[in-house]
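Student: Could we go through the aromatic rings in this one together? I'd like to take it slowly.

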Amino acid sequence: MREVSSKILLTLILLLLSASSLRAQDFDLSITPPEEPDSTVVMAPDDPDRNWWHLLKKGKLSLNDTTVVYPKFLKFCVDVYHWGDRFFNTFDPLYVEGTGHRWKARLVNENWTDSYALRFKGSDVSLRMLSDLNANIGAYIHYMAVSVGYSVDMKTVFTGQKNDHSRLETNFNCALFNFDLSYVRTHGTYIRHFTGFNDNRIFKSDFPGTKMTNFNVSLYYFLNNKKYSQGAAYNFSKYQRRSAGSWMFGFGYTNLDISMDFTTMAPELKPHYQFPVNLLNLHYYSYCALFGYGYNWVWHPKWLFNITVMPSIGANHCYEDSSDGSGTQLALNIHGRTSLTYNHRALFCSIIGKITGNWYTSKNLSLFNAIEYFSANVGFRF
């Protein structure tokens, strides 16, 4: 009996301990609030549906998609891109709107020429020169600020002659500022007006003794950058929804080398030549402050007209091989541009005109040199 009683007692003690343990667990659960579901979806790095490389191969990668999974370095680059986009490309949506596309394809016909107006001080004789029109046809594809393309020189195509005029230009534009860089090299031009010759009427005479190299950089800031978009008029990267204008200011640098050998003029012109030198060389660089105004006129939701004028003032610094010798003179230059753009959904068409003029003046002479540019563009965004 004692054995049975001991077993019964031991069993009761174990049952009591087990019951107390269960009650303690029940108590703990009763005071712990239920967990709320996590609203942040964390994708696994190897998730094939949201992996950046998988999406890129399928053509579905979007930098604005916050669920895409990137490696650490790429994620850092994407975050920097989003910060830069917010800082440099913030607009008032009532005035400027994004196109919704990052890619553009464009066909363009580019035409440009260079001109010179020369006068030696103390002489009433002036000389004006203008080159033939240089024409290119090209195709380009753009992804945001990066573009690649190829153009064909029409003179080479139709005549088989190598063109002695070449031009390179690149541009970066955002809401806050615009950056332009250009390089132009020419050899030979035509005299169009010579005081006292041909009854002062326009004519055309070959002048192969002219060479020019022009390197130009300009950077300027838009004061009304929330409402005015220069990219809408020249880069087709935005839509200007309402008319707006902006003052702008910045900085410009030019390195210009012009030489003229007057002994290469046509024989019939030489009797009228009264200049004090047979060889003129102007080699100088200039630093200038840019200031001006641009205006976008939207007279119809699909049409945009822009005009921008930016004069500049600074100093010309001559190299020792310049005809005037080393020294410093006043620099007065001008940048002007205009465009007419038509937008229809993803399609755009535009005509653009630009002029960059540099005025060199000293105690001996005055020379105004300009590069005139015109283009016709058609393309679409995707």
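**Aromatic rings and their neighbours**

Tutor: Gladly, and please keep in mind that this is a predicted model. We can begin with Phe 172, which counts as partly exposed because its relative accessibility is 37%.

Student: How many aromatic pairs does a search of the whole structure find?

Tutor: The search finds 27 aromatic pairs. Among them is the pair of Phe 172 and Phe 177, which is tilted, with 5.9 Å centre to centre and 40° between the planes.

Student: And Phe 177, how accessible is that one, what's its relative accessible area?

Tutor: Phe 177 has a relative accessible area of 22%, so this residue is partly exposed.

Student: What about Trp 297 and Trp 299, why is that pair called tilted?

Tutor: Their ring centres are 5.1 Å apart and their planes meet at 45°, so the pair is tilted, because planes under 30 degrees apart would count as stacked and those over 60 as edge-to-face. As for accessibility, Trp 297 is partly exposed at 43%, and Trp 299 is partly exposed at 41%.

Student: New topic: which residues form one aromatic cluster?

Tutor: One aromatic cluster is formed by Phe 120, Phe 194, Phe 207, Phe 262, Tyr 273 and Phe 275.

Student: Okay, now charges. Which residue lies over the face of Tyr 190?

Tutor: That is Lys 204, which lies over the face of Tyr 190 at 4.4 Å from the ring centre.

Student: And what lies over the face of Tyr 234?

Tutor: Over the face of Tyr 234 you will find Arg 337, at 5.1 Å from the ring centre.

Technical notes: Residues numbered from 1 in each chain as written. Predicted model: local features only at pLDDT ≥ 70, side-chain atom pairs only at ≥ 80, totals over all residues. Heavy atoms only, no water. Phe/Tyr/Trp six-rings, centres within 6.5 Å; stacked < 30°, edge-to-face > 60°. Buried < 20%, exposed > 50% of the residue type's maximum accessible area, 1.4 Å probe, protein only. Lys NZ or Arg CZ within 6 Å of the ring centre and 35° of its normal.
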